[in-house]
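User: I'm new to this one. Can you walk me through it, piece by piece?

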Amino acid sequence: MQERVKDLLKKIIDWWKGLKIKQRTLIVCISAGIILAFVIIVTIFNRPEYTLLKECESASEGAQIKEILDGEGGYTYRISDDGLRVEVATSQIGDANLLLASNSIISDQYGIDKVTEGGLGVTEADKQKRYIKMLQDELEHDFMGMFPAIKKATVMLHVPEENGTLIAVEQESSASIVLELDGEFTADNAAFLARAVATALGNDTTKRISIIDTTGNMLYSGDDNFQITGSSNSPMVVKQESEQVVGMKVKDALKGTNNFDSIEVAVNLVIDFSDTRVVDHNYYAPENSTQGLLAEAHIYTSDSTAGGGDIPGTDSNDEPATYMVETNGQQSTTTSEEDYKYVPGERITESNSVGGIIDYAGSSAGITAIDYIIVQEEVVKNQGLLDGISWEEYKAQNSGRKKMELDEDYINVVARATGIPAENISIVAYEENWFVDREGLDIEAADVIVFVLILLILALLAFVILRSMMRERVPEEPEEPLPVDALLQSTPDETIEDIEVEPKSETRLVLEKFVEENPEAAANLLRNWLNEDWG
């Protein structure tokens, strides 16, 4: 191997030594020009180009954007002297757009200014459509630039028509996103995209954002981050939050079947908001007793005697007591009173019920679900379904929805998950085709120009080298001597005026110039002159 290399180097050196000085000079100049041109091209195309990210309303907003870019790291940007104009390298504009959107800042790339230009024939509806199309393209481009796992993104936006009504003003826009993935894509990534899309649409929440992949897996549903605040005393707010909680249970139950990509739930809960207070008194006797506990006792005894009687003392106590009243001299009175009061044991139970009890038996739920069927142009073409028909015509013929026949098991699943009776639940489901166009070649004009220039430079260099290496060396033939008459005819016939004596005449100057430009011809001419004179 080393000998081959040495032989090759020797051949190159010998080839180089065999070249004339002009050929060497030409090759060196061309090589230097190629290297210089390549350096210039690389410098021009590697020089960062900046694109406007945000025209800030205040310097504080510019400082906030600067802090966000610095915190994320890796961004090449510049800020104007007044701090109001922030520009980012064009290659990073997609990432920067999503970064600002995730922080609830709308980039100027998503602004309406790009679609408002137009003549008098452009209506507001046309501008709205152009804006939606522009926003879809921008989001798709940014998604693929931000996450390497996203091979292709398809975004469909629905922006409510502004008809001046309060309902249209309060209604949020919705977005459905289909991702073709080639790698790991986590739930946090999906939540990041949902937040960015909601910000670009001007939504306060991500409730109406759904993200799926081309295999039909639900990556993000709008209610995934819903939480009950518990800070409102309004019955209407409590009812709405409770219905959203029940709706989330329904979505979770139906998503578990993996048969639907988009689920919308409307729940009507019957809630009793009246307050109730119940007091229960329970009386009972103590254990092993037929009566209650002694609470009070009153015993009173009185004894009095008058007239003849027995002897004083206790001797007469053995005789039975009598209550006879004598009228003839002797009297006796005896009084006895006893009062007892027993109370049973008492247990008092008091329960207070605050309003907000759900009557599930009287509540109801309505559910609409869509199963998106991914239809790719390449697959359809390979199946021969586009024979004699264009892709746009095929989409028009198969763009409608088809109602699905559902089993009662779906209703039973919802009933078990919510507690609402099955007869109060209604589910309507459809199948809808989601068309994915074939990707074109992702080649920009700058890439084509660079490729053509490099190809031309390499071709020119190869031509010069090969032409020099393959040129046959032909021995130089001596030039024929130039006759004196031809030399004299080649010089202009000028009349020299004898006005002044000059250091060099015009004829001398012409001859010297001829000798300098044609030294070999001059030498041959001189040799001929000498041969003619002394021959």
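Analyst: Start with β2 and strand β3, residues 85-89. In this predicted model, β2 and β3 pair in the antiparallel sense over 3 bridges. R78 stands opposite E87 in β3.

User: What order do the strands of that open sheet have?

Analyst: The order is β1-β3-β2, 3 strands with antiparallel pairing. β1 (50-55) and β2 (77-79) stand at the edges. Each has a single partner strand, so one side of each is left without a neighbour in the sheet. Neighbouring strands are turned by 25° against each other on average, direction ignored.

User: Which strands does α4 lie across?

Analyst: α4 lies across β1 and β3. It runs at about 15° to β1.

User: Next sheet. What is the strand order in the open sheet of 4 strands?

Analyst: It goes β4-β5-β6-β7, and the pairing is mixed. The edge strands are β4 and β7 (218-220), each pairing on one side only. From one strand to the next, the twist averages 25°.

User: How do β4 and β5 pair?

Analyst: In the antiparallel sense, over 8 bridges.

User: Let's talk cores. Which residues touch the most other members in the largest nonpolar core?

Analyst: F143 and L193, out of 28 residues in that core. Elements giving two or more residues to this core are α4 (93-102), α5 (124-146), β4 (150-158), β5 (174-181), α7 (187-201) and β6 (209-213). The largest share, 8 residues, comes from α7.

User: What is L193 in contact with, leaving aside its neighbours within four places in sequence?

Analyst: L98, F143, F147, I150, L179, F185 and I211.

User: How many residues are in the second, separate core?

Analyst: That core has 19 residues, and they include V250, I271, I367 and A429.

User: Why do such residues end up together, in general?

Analyst: In soluble globular proteins, nonpolar side chains tend to be buried together.

User: Now α8. Which of its residues are buried?

Analyst: K239, E241, S242, E243, V246, G247, M248, V250, K251, A253 and L254.

User: What covers the buried residues of α8?

Analyst: The cover includes β8, β13 (357-376) and α11 (408-418).

User: How far does α8 reach?

Analyst: It reaches 30 Å from its first C-alpha to its last, over 21 residues. That is close to the 30 Å expected at 1.5 Å a residue.

User: And α1, how many of its 16 residues are buried?

Analyst: The count is 0, and α1 is hardly covered. This helix takes in residues 2-17 and reaches 22 Å from its first C-alpha to its last. The expected value at 1.5 Å a residue is 22 Å, and α1 comes close to that.

User: Back to α8. What lies in the loop between α8 and β8?

Analyst: N258 lies there, between α8 (235-255) and β8 (262-272). Phi of N258 is near 60°, a positive value in a residue other than glycine. Most residues other than glycine have a negative phi.

User: Where is V270?

Analyst: In strand β8.

User: Is V270 buried, exposed or partly exposed?

Analyst: V270 is partly exposed, with a relative accessible area of 35%. The cut-offs explain the label, because partly exposed sits between under 20% for buried and over 50% for exposed.

User: How far apart are V270 and S363?

Analyst: In sequence, 93 residues; in space, 5.2 Å, C-alpha to C-alpha. Leaving aside neighbours within four places in sequence, V270 is in contact with I357, I358, D359, G362 and S363.

User: Zoom out. How many helices and strands are in the chain?

Analyst: There are 15 helices and 15 strands. Of the 535 residues, 27% count as buried. Among contacts with a separation of 6 or more, 70% come from residues 24 or more positions apart.

User: And what does the accessible surface come to?

Analyst: About 37,100 Å² for the chain, with 53% belonging to carbon and sulfur atoms.

Terms used:
Residues numbered from 1 in each chain as written. Predicted model: local features only at pLDDT ≥ 70, side-chain atom pairs only at ≥ 80, totals over all residues. Heavy atoms only, no water. Core = buried A, V, L, I, M, F, W, Y, C linked by side-chain atoms within 4.5 Å. Buried < 20%, exposed > 50% of the residue type's maximum accessible area, 1.4 Å probe, protein only. Contact = heavy atoms within 4.5 Å. Pairing = 2+ DSSP bridges. Axes fitted to C-alpha atoms, helices over the stretch in contact; angles between N-to-C directions. Expected span 1.5 Å × (residues − 1). Areas by Shrake-Rupley, 256 points an atom, 1.4 Å probe, with all protein chains shown as cover.
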